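Biologist: Thanks for sitting down with me! Could you open the model so that we can walk through it together?

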Amino acid sequence: MSDSVQHHDHGRTFQPDIEDSPYSTHQLMAEALERLLIEKGVFTTEALRRQIELQDSRTPAQGSALVAKAWVDPSFRQHLLEDVNGAAEAVGIEAGDIPIRALENTVDLHNVIVCTLCSCYPRQLIGLPPDWYKSRAYRSRMVHEPRVVLAEFGTEIADDVEVRVHDSTADLRFIVLPMPPDGAEQMAEADLAALVTRDCMIGVSVPKGAGE
Ligand code: FE
C-alpha cells in the first residue's frame, strides 16, 4: 500500500504554520538546554516526551474532587485551607512541590486568580491553562476591571460582595474553593464534583446552583 496525502480545499483559509513565527530568545535557550541535557545523559528524549504527555494529560478532575470533598467533609476542608498540597496527598492526589493555596469564596467574598506576568496556574490540579488565561487582555484587565471581565464570563458579582484578585507566581499558586450549591448536604460527592468546573476553580465562574 502506498502512502497518500489527502488534500482539502486550500483556497479558502490560511493558517500560518507555527514555524512561521520567529523563535524567541527564550525558546532558543530552552531548546539549547534541552539538547545539552539529553546529550549529557541527564534524561532521554523518551523520558522528556513521557513527562510532556503526563503534563498534557492532567485535567481539572483532581481539583474538582478536592473541592467536592471539602464541601462534604469539614475537617478535610480545614486541611485544604491550611495546606492544599498536603491535603491532596492525603487523598492520593499528587499536587507537586510548588505550594498551592486555596482561596475560599464566601457570601461576602469572591476570589479570582490571574498571573499578571505569564501563566502561573495550578496545573497539577486543574490541567493546562486555557489560552485566554495566558492572554495579555486577561492578565491586565482582570486586575483593572475584574467585575467587568467576570461579567463577560457571565459571572455577575453583587455590589456588596468583595472581589479579590490574586496574582499567581512561580513560587505560589492558587485554587479557588467555590461556595457549594444549595442542597449540597443531600448530594453525593461525585455529583458535587461534576459541578466544579475548571472556570469555577479559576474564579471566573461559580458552580451551578451556588448561592453567590
Ligand atoms: Fe506566570
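This is a predicted model: local features need pLDDT of at least 70, side-chain atom pairs count only at pLDDT 80 or more; totals for chains, interfaces and linings use all residues.

Biologist: What kind of aromatic pair do Trp 132 and Tyr 138 form?

Modeller: A pair of aromatic rings is described by the distance of the centres and the angle of the planes. For Trp 132 and Tyr 138 the centres are 5.0 Å apart and the planes make an angle of 65°. Planes over 60 degrees apart count as edge-to-face, so the pair Trp 132 and Tyr 138 is edge-to-face.

Biologist: Which residues touch the most other members of the largest nonpolar core?

Modeller: In soluble globular proteins, nonpolar side chains tend to be buried together. Here the largest nonpolar core has 42 residues. Helix H3 (residues 61-72) gives the most to this core, with 5 residues. The members that touch the most others are Leu 80, Leu 125, Tyr 138, Met 142, Ile 175 and Ile 202.

Biologist: Which residues coordinate the iron ion?

Modeller: Along the chain, the donors follow the spacing C-x2-C-S-C. Ser 119 and Cys 120 are both buried. The donor atoms lie at 2.1 to 2.8 Å from the iron ion, and they belong to Cys 115, Cys 118, Ser 119 and Cys 120.

Biologist: How far apart in space are Asn 85 and Val 149?

Modeller: Asn 85 is found in helix H5 (residues 84-90), and it is buried, with a relative accessible area of 15%. Beyond four places in sequence, its contacts include Ala 95 and Ile 100. Asn 85 and Val 149 are 64 residues apart in sequence, and in space their C-alpha atoms are separated by 29 Å.

Biologist: One last thing: what distance separates the centres of domain 1 and domain 2?

Modeller: The protein chain is divided into domain 1 (25-56) and domain 2 (60-202). Taken over C-alpha atoms, the centres of domain 1 and domain 2 are separated by 30 Å.

Definitions and conventions: Residues are numbered from 1 along each chain as its sequence is written. Side-chain values use heavy atoms; hydrogens and water are left out. Rings of Phe, Tyr and Trp (its six-membered ring) pair if their centres lie within 6.5 Å; planes under 30 degrees apart count as stacked, over 60 as edge-to-face and the rest as tilted. Domain bounds come from an automatic or database domain assignment. Donors are N, O and S atoms within 2.8 Å of the metal (3.2 Å for Na, K and Ca); water is not among the atoms, so sites may look incomplete. Buried means under 20% relative accessible area, exposed over 50%, partly exposed in between (1.4 Å probe, protein chains only). A nonpolar core is a set of buried Ala, Val, Leu, Ile, Met, Phe, Trp, Tyr and Cys residues joined through side-chain atoms within 4.5 Å. Helices (H or I, at least four residues) and strands (E, at least two) are DSSP runs, numbered from the N terminus. Contact means heavy atoms within 4.5 Å.
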